[in-house]
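Dear colleague,

Please find below the structure I promised to hand over. My notes on what was found in it follow directly after it.

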Amino acid sequence: MSDIKERIRKICPSAVFEDGEILFVEVSEPEWYGFAKALRDDLKFDLLSAVVGMDWKDSLGVVYYLTSTSRNWEMIVVKVAVADRENPMIHSVSDLWHVANFQEREVFDFYGIKFINHPDMRRFFLRNDWVGYPLRKDYDANPEINPIRLTDEINEDDSVSYVEDKDGKVKAVKKNVFEKEDYVVNIGPQHPSTHGVMRFRAAVDGETVKKVDVVSGYIHRGIEKLSEGMTYPQILHFTDRMDYMSAHQNRHCLCMCIEKALGLEVPRRAQVIRVMMDELMRISSHLLSFGCTAMDLGATTAFFYGFREREMVLDIFEKTCGARMSMNYNVIGGVIADLHPDFQKDVKALIEIMPSRLKEYHKVFTGNVIAQNRMRNVGMLSKEDAVNYAITGPSGRGSNWSCDCRKKHPYSIYAELDFNEVLEDGCDSFARYMVRMREIEESCKILAQLVDQIPDGPIRAQVPKLIKLPEGRWYQQVEASRGVFGVYIESDGQKNPYRVHFQSPCFNLVGVMDLTCQGYMIADLITIGAALDFVIPDIDR
Amino acid sequence: MFDFGIWTSWFNNLLTGCMPGWAATLIECVVIGVLVLATYALLALFYILYERKLCAWFQCRLGPMRVGKWGLLQVFADMFKILIKELISLKGTDKFLFKLAPYLVITSSVVMLACLPWGRGLQIINYNIGIFFVLAVSSVGVLGILLAGWSSNNKYTLIGAMRSGAQMVSYELSLGLAIITIVLFAGTMNINELVYAQNDGWFIFKGHIPAIIAFLIYVIAATAETNRGPFDLPEAEHELTAGYHTEYSGIHFGFFYLAEYLNLFIVSGIASLMFLGGWMPLHIPGWDGFNEVMNWIPSIVWFLGKAFFISYVIIWFKWTFPRVRIDQMLAFEWKYLMPFSLANLVLMAVFVALGWHF
């Protein structure tokens, strides 16, 4: 860490350091872009893990979490702040890390920070006629200012870019999302294959897709804003409602982040239960993904086969957690209830049956020549692009990028477990699909190791009645079903957080739709979407 | 074997005995028209239930179970619901063509139904160019689909209609060539004569290699012709929500829906006519006892049984296979299926010329 510190001092002498769990650097806005470039090129921080918009009342700004994939996944935090609240402007890094494209649009949407040289500075979630920036601390939530509008959004195609010229002057340049003569097909928000209320606008030439514009926010619930007004135990239930197919992992992440801040030791029994639940969730999620991919390609029967086994997992959840979805199982310090007496028996039954069922899936769907033709060489995403767009999880591993958080930043008891990180080098939709199928086997392997090794003991640690986090910021990552899920908490010592940010994997996944769909056909757009396997509530937090 | 011709000629004699010839013909036409439409509706209902039960079976489900015993009355309830639904008219549509399209589709399918050999003496239209007529009428259905897609003023329907046009025109070639292969073998296009020619063995056995190839080509092309999976691109519910009939409601949608199911029956019926003997029982030359036993099964049961069996295979395809992509589908037809059917036609000509058949 000190070595990095020295090198940063050389690059940017005015940088301010702060020691914490991760090296923290604050740079001034004018130096930011050059510093970012040096971080990426010289210090090899090639992965932009999180972009968190912030309102510190006296200033607005952004906190960037960067990771170096070549240097043992070392992380660094960079804070950039501007004091101007009327017209805050920060240089965009979307040309360095393409993942920042959508991330910065989200920050603009909620904090009103304009990013200089960003190619497409539109709001991401809210309507373009929304007044104010809702995550600012001085936001006026009066419903008269933003009534429920019953008319269509006008000027949907208008975009703007704040371009800086040679003298450092910034001027707004109008842009159009689509060309005048483009034939734009609207896919969603009500569409069978967008897996939720997602909307794509695809410019097509015949059947060939030229450009995809992602329009999001149809089910945005403002979870991050809501969290700021709640106590820590009250926030927990939100995580189950983001990526509902990674409910356990997401909640595990938030609990770990709070536990880390409190310095809480979680009992061994709770750790084992949490990891088992995480892996069951992963199996259930990948089974659903298998079913939906098959369904989107038109093979309806395979869909039901996937659901048949998923039902077994859901039954296990139902018995122990009392619910099949939104399980609300992890709590700060452990888990909420002890295991059902049938738990071990049911898990063993599942592990026993899965290998033969996987064979059946491969027989009915994977091996089918039509399925292979539909998925192979469709939606190519190179490893470099996967890193640049921060496509983690099975989709990233389908591009042969080793990015499993369970291996890179082992948390809970994962370091003790014997499992392999599944990699495929096809870089296409088929590779992503195959990673998921093989990950089911790995999850079964983890479950088999733990099912007879659940130690006795308490299921949660003693926690104070009123949970107050000390002042500071924490960031925790887990490997959710669809990629690396991160939780950022900034606390000012109160019983409710000053700022909570959820870095969801699906947000990044949808960011590559344009890149991966260009030049393919409308039918491929559906295949690519299915193979990336995004869950909409995870994008629309 | 019972000849249904006895009933029909009795009815004809009864009418001509008590009224002038034109009046008798008029009444017969009306009676047959009503019968055809009734058969059409009932068969469509049966097919909807048939497919729902079959796919439920493939998918480890039960299918409809609530209305009537084993859900037998479900389809009647559905059809009643569709009949009472509002016909929604939309802004910006071509009103006349929008309303015309479903009728074109259903008319072509009803006319084809009338050409099928239902049983011995049970045939409505008996042309000397019978099978050719069926092929010609089947092409009218495409027009209805194209018009539906165009007149709806919707991008999904237009893409669906374009796909449909490309697909049906392409696969009609293979379908026609497969049928011509059998016409070449039989030496007739008359449907009745085609059936009688299979008295001493079905064409698929008599014509062996080229006939079996033609049968396989026919089944693939027929699946594509009826817009069923894996060739259901014009509808492609996961891409185009419902393809060319996205904007239709009520019975107008019902017409497309019924026509789709009936076309499945019709292509199966034609397959049974061209390859499996139509209503002709399974006869093996020399096995007289066996042939007698087969003759006891009524001809209409033979015909329906064969048609349902082929439909079963096509339904099986649909629920198992993923959907192909438009370019793959066209490449498959133009690069493989059509050259193959042409070669098969030549092969059949050689077999017929040299007498290498039974």
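Two residues are taken to be in contact if their C-beta atoms, placed from the backbone, lie within 7 Å. Helices (H or I, at least four residues) and strands (E, at least two) are DSSP runs, numbered from the N terminus. By that criterion, Ala247(A), His248(A), Gln249(A) and His252(A) of H6(A) meet Arg274(A), Met277(A), Asp278(A) and Met281(A) of H7(A). The residues of this contact comprise three nonpolar, three polar and two charged; here Ala, Val, Leu, Ile, Met, Phe, Trp, Tyr, Cys and Pro count as nonpolar, Asp, Glu, Lys and Arg as charged, and the others, Gly among them, as polar. The axes of helix H6 (residues 247–262) of chain A and H7(A) come within 7 Å and cross at roughly 140 degrees (axes are lines fitted to C-alpha atoms, for helices over the stretch in contact, and angles run from 0 to 180 degrees between N-to-C directions).

Please note that this is a predicted model, in which local features need pLDDT of at least 70 and side-chain atom pairs count only at pLDDT 80 or more, while totals for chains, interfaces and linings use all residues. Residues are numbered from 1 along each chain as its sequence is written, and chains are lettered from A and ligands numbered from 1 in the order in which they are written.

Chain A contains 18 helices and 17 strands. Of its 541 residues, 48% count as buried (20 or more other C-beta atoms within 10 Å of a residue's own, the C-beta atoms being placed from the backbone). In H2(A), the buried residues are Trp32(A), Tyr33(A), Phe35(A), Ala36(A) and Leu39(A).

An automatic or database domain assignment gives chain A domain 1 (2–177) and domain 2 (231–505). The centres of these two domains of chain A, taken over C-alpha atoms, are 29 Å apart. Between them, 16 residues of domain 1 are in contact with 14 residues of domain 2. Strand S3 (residues 47–55) of chain A provides the largest share of the domain 1 side, six residues. That side divides into 10 nonpolar, four polar and two charged residues.

As to the chain interface, 25 residues of chain A are in contact with 22 residues of chain B. Helix H7 (268–296), helix H8 (300–321), helix H10 (369–375) and helix H17 (522–532) of chain A each supply at least two residues of the chain A side. The residues of that side are 14 nonpolar, seven polar and four charged.

Yours sincerely

Methods: A residue is buried if 20 or more other C-beta atoms lie within 10 Å of its own, exposed if 12 or fewer, and partly exposed in between; C-beta atoms are placed from the backbone.
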